[in-house]
Amino acid sequence: MLHLRIIAPGDRSSAVVDLLGGEPGVTHLVVLPGAARRPAGDLVLCDVVRESADHVLRRLQDLDVDVRGGIAADDVELTLSQAADRAAEEAPGHGEDAVVWDEIAAKTGEQTVLTGTFLALIVVATMIAGIGVLLDQPILIVGAMVVGPEFGPLAALCVALLRRQPRVVGHSVQALTVGFLVAMAATVLSTWALTAAGLVGRDMLLAERPMTDFIWRPDALSWVVGLLAGVAGMLSLTSKKSGSLVGVLISVTTVPAAANVAVASAYGVWHEAAGSALQLVINLAAIVLAGLLTLVVQLCWWRHVARRAAHTVPRQRADRPSPVSASRRPRRDEG
């Protein structure tokens, strides 16, 4: 369930209240006339179940509330209310499957900014993976996958392609491109430094590495794994299943592939660098394609649910007992 705080302009307040009052998934509706100061207007508070949230937010934006007023949404962790239970029963679909598109866009949009933290994380992750490649240690590879922040821009790219936002697409591509290039350059330098210190050597790269050689030997399964990871990653993001997202991060070899490109380039092993680069491209393309297709399927599914609900909700309201008759029912303690 989401808690909405809405600043409704005075001339739109009645329309906003009527809209919220007519939605079966909205409950706990409170109106404070003239309470808002900047921007000026009425403060409207309500709770909305997640399966109705996207529809409600879209209709509020149709009323220009986001332009002339404001809309803020927070997750409600605990609700003890029969009214909320009824709203969840009457709303179409299930909250676990619901997609709030504005929430997803806002969440992923934050991941497109090329910040110092993003660069530091991807550089550290790639360096860890580079050491793991040389030591043939899958534990280090898994650790680097978890540390790597690259799934954020990948998810933002999928959402931006679906919503046709070229500006966000550009920022996502920029973050990924600059991030991986800086990370690989830093890993080349760190590999040279470790070699000079006598901690690693070219012979370690050329030795048999049965635990990690899949990183630079892409095959058809690389594409399959990337597709499956893209589907799982997008589902975990839209359903807010962070545990599933961690599993996705350790299932694809984006950061390890970039690390292997850097290490192989540092030692001049160009055929291995080329294989790792191909692995990186395959995984990135598969994740974006699968993530975009997953969003399209979810969009089509919820449109189908909304159309079906439009026919069933009026019938449910007609069958519901009136408040007067309901109030005359004997209470349990009255025997």
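In this predicted model, leucine 4 stands opposite alanine 73, a residue of strand β4. The pairing to which these strands belong runs antiparallel, and six bridges join strand β1 (residues 2–8) to β4.

Helix α2 (residues 50–62) packs on the sheet, where α2 touches β1, β2, β3 and β4. The direction of α2 makes about 15° with that of β1.

Valine 26 has valine 48 in β3 as its bridge partner. Between β2 and β3 the chain forms a hairpin, and two residues connect the strands. The two pairings may be set out as follows.

| Strands | Sense | Bridges |
|---|---|---|
| β1 (residues 2–8) and β4 | antiparallel | six bridges |

In what order do the four strands of the open sheet lie? The order is β2-β3-β1-β4, and the pairing is antiparallel. Strands β2 and β4 (70–75) stand at the edges with a single partner strand each, so one side of each has no neighbour in the sheet. From one strand to the next, the twist averages 15°.

The report now turns to a pair of helices. Two packed helices are described by the angle between their axes and by the distance between those axes. Helix α6 (residues 116–135) packs against helix α9 (residues 166–196) at an angle of about 45°, and their axes are 8 Å apart. Because of this angle, α6 is oblique to α9. The crossing of these two helices is right-handed.

Which residues of α6 meet α9? They are Phe118, Leu119, Ile122, Val123, Thr126, Met127 and Ile131. On the side of α9, the residues in contact include Ala175, Val178, Phe180, Val182, Ala186 and Leu194. Gly179, Thr187 and Ser190 are also among the α9 residues that take part. Sorted by class, the contact of α6 with α9 has 13 nonpolar residues, four polar residues and no charged residues.

Some totals describe the chain as a whole. The chain contains 15 helices and four strands. Of its 335 residues, 44% are buried. Among contacts in the chain with a separation of 6 or more, 81% are between residues 24 or more positions apart.

Note on methods: Residues numbered from 1 in each chain as written. Predicted model: local features only at pLDDT ≥ 70, side-chain atom pairs only at ≥ 80, totals over all residues. Heavy atoms only, no water. Pairing = 2+ DSSP bridges. Axes fitted to C-alpha atoms, helices over the stretch in contact; angles between N-to-C directions. Parallel < 35°, antiparallel > 145°, perpendicular 65-115°, else oblique. Left-handed = near helix turned anticlockwise from the far one by under 90°. Contact = heavy atoms within 4.5 Å. Nonpolar A, V, L, I, M, F, W, Y, C, P; charged D, E, K, R; others polar. Buried < 20%, exposed > 50% of the residue type's maximum accessible area, 1.4 Å probe, protein only.
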